[in-house]
Amino acid sequence: MIRIFAPARSIAPWCLSLAATGIAIAACSSPPRQVDDARLRQADADTANWLTHGRTYSEQRYSPLKQVNDTSIARLGLAWSVDMQTLHGLEATPLVQDGVMYLTGTWSVVYALDARTGAQKWKFDPAASKDHDKFMCCGVVNRGVALYRGRVYVGTMDGRLIALDEQTGKPVWSVQTTPADSAYSITGAPRIAGGKVIIGNAGSEFVVRGYVSAYDAMTGTLSWRTYMVPGDPSKPVESAALGRAAKTWSGEWWKGGGGASPWDPIVYDPDLDLIYVGTANPSPWYPELRGTVAGDNLYGSSIVALDARTGEIVWHYQTTPGDAWDFDATQPIILANLTIGGTARRVLMQANKNAFFYVIDRATGKLISATPFASMTWATGIDSAGRPLIVQSAIASKAQGTVVTPANFGAHNWNPVSFSPTTGLAYLAVVDEGLDLHVVDPKFELRPTDRTLGRDPRYHGPLQAKVAAANPKGRLIAWDPVARREAWRVVHPVVRSGGTLSTAGNLVFQGRVDGIFAAYRATDGKALWQFDAGVGIAAGPIAYAVGDTEYVAVLSGPPALYSDPASRTGPNRVLVFALGGTAKLLPPPAPRDPIPTPNVKIAATTTELAEGGALFSAYCSRCHSFTSNLVKGGAVPDLRRTTAAVHATFDSIVLGGARRALGMPSFAKDLNAAQVRLIQAYVVDEAQRASKPTSGSTSR
Ligand code: CA
């Protein structure tokens, strides 16, 4: 259902504001220049602006600006910052149009700021239900908006697509793109393609059937919708492509939704009129839980090309057939024209979670190359047909667990990747890390509101020790997609780092979870400049100009999933830099005190504590991490610090929703009072362990 909020105005708002100042309305014959199809196609030449998610339709995140360059960078300083009043992490790429910055914060809230000063022009809160947090695998984050014909488009965490008036922030129309009260969510930025707004969804760690939708940008009317996995075979097949995909599934896969939610990249290619999306893992994670026979499970963990006019699937390339490792193919997709083997090729590129860097002919979907850019143990290479050579012992089952590299976090994740046409290099964050894929949970049941990973939360054993001993590592690399090799690397002192921006000033910008925002020389990786933001950074930076000044902007605030011992939480901010900037930040939050000995006693047997730990792992640990609350003001409380007074009201919080306004959902539909008691006993026991001086407190 579409909700229309306001009829088209007879007098445009810029005219009204002029009228209020006494200037004749006739004077407002030249309205602000809107973003239209022509302007989006020519975004690269529009050097001052950052009009779409990856700056241009090619999504290269390369800025032609060079006032800030490898010589002048020493004078780069903070010009302004805005405290975004959240601790939950920021992932958005801000857009800048003619002096106004549009961005999203947590809870899908949209902001318009003066791009020169940070002064707020308007703010729109879609009032998404905070209870929906429990369906967000990785925090209440949002990665940004789209601009088109005087409107700002945002996808909300509860599945709405909303068009706002770009002058006022007032909603023009809103449409629910997902079944209401389902486990679907939206965290990705919409894109514009030929008069349509394209939006995907997330939720493949729950029970969802992923799809892409296109809406008429002006009216909000659904133009087309394309599912990424086949549905219930007792119902008519929606397309020939889904009919072919159904042959790659078995058992009663549709009961688990199938997953494959396209939750981040949606890249429009105006030359071929194709839209490229990356899809998440088929769900549940374990193939054994998806059907009785192994299969590729199309179009899960794939790059899929859709006809922009009809949504028809034109081609697909499956990066991880029969994915057993949560290797979503939802990392950034970049379009480029490269000369490979003496031939000009129109390609798309992706540094996948699975540690292969893919170069694909984007007209045909044919693989050009797939080259490991990080450690991998799940495959030994790619065969002549373009399929990975899978290591069978890397697939966990009911009979046997395993350790696999990369981890489910991925060798690379959603963090923006930039490609410089000047250096011919792609710049990206890389993680070498293993994951203990335990045996399949023997108590596993498919329930629509539960996470459906299938990993046994009761497992405690040598696989975990093996992962811990592997000592994960993080770095920034420059990757040559033609020569298929790393050109340079910067080894980070932390595991997780953020998105990148490259510029014509021979610079690459990147932040890290320890709060360092740095610039490197694009040609050789030499560190040239750094700024201590005090709070971790995961998002991608942008560059823009207002008047004669170039600005570089990035959002600080590590998301909950960024579980890195070095991660620094604290006030999440917009940070904007310019040459000669002298603004200061408030001092970083103080390290936390050691965990106090709990003054609460809850009797529980060893078995009960283990069950409480399993429930904690299933329902609580995603947010209430024991590793990412190292500073005062951490986003979500470390429950080991829970006071006796709060313990006394535990039920009213967990079941009664007493802290809903702060973002803590009610779990009344998921847990009973006895289970909550077991979780509480586990938390107290963990607090007792952590408070002992020899236990290796996590305080910094
Ligand atoms: Ca996933």
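Is alanine 578 buried or exposed, and what is its relative accessible area? Alanine 578 is buried, with a relative accessible area of 4%, where buried means under 20%, exposed over 50% and partly exposed in between, with a 1.4 Å probe and protein chains only.

The model is predicted, so local features need pLDDT of at least 70 and side-chain atom pairs count only at pLDDT 80 or more, whereas totals for chains, interfaces and linings use all residues. Residues are numbered from 1 along each chain as its sequence is written, and side-chain values use heavy atoms, with hydrogens and water left out.

**View 1. The whole protein.** The protein has eight helices and 38 strands, which are DSSP runs numbered from the N terminus (helices H or I, at least four residues; strands E, at least two). Along its principal axes, the C-alpha trace spans about 80 × 55 × 55 Å, and 61% of the 700 residues count as buried.

**View 2. The surroundings of alanine 578.** Alanine 578 belongs to strand 38, which covers residues 573-579. Leaving out residues up to four places away in sequence, alanine 578 touches Arg75, Leu76, Gly77, Ala79, Thr549, Glu550 and Tyr551, a contact being heavy atoms within 4.5 Å. Threonine 549 is 29 residues away along the chain, and its C-alpha atom is separated from that of alanine 578 by 7.2 Å.

**View 3. The largest nonpolar core and isoleucine 275.** The largest nonpolar core holds 102 residues, of which Met101, Ile275, Phe509, Tyr544 and Val574 touch the most other members; such a core is a set of buried Ala, Val, Leu, Ile, Met, Phe, Trp, Tyr and Cys residues joined through side-chain atoms within 4.5 Å. When neighbours within four places in sequence are set aside, the contacts of isoleucine 275 include Ala193, Ile198, Trp224, Tyr268 and Leu306. Another core, of 50 residues, lies apart from the largest one, and among its members are Ile334, Ala336, Ala374 and Leu453.
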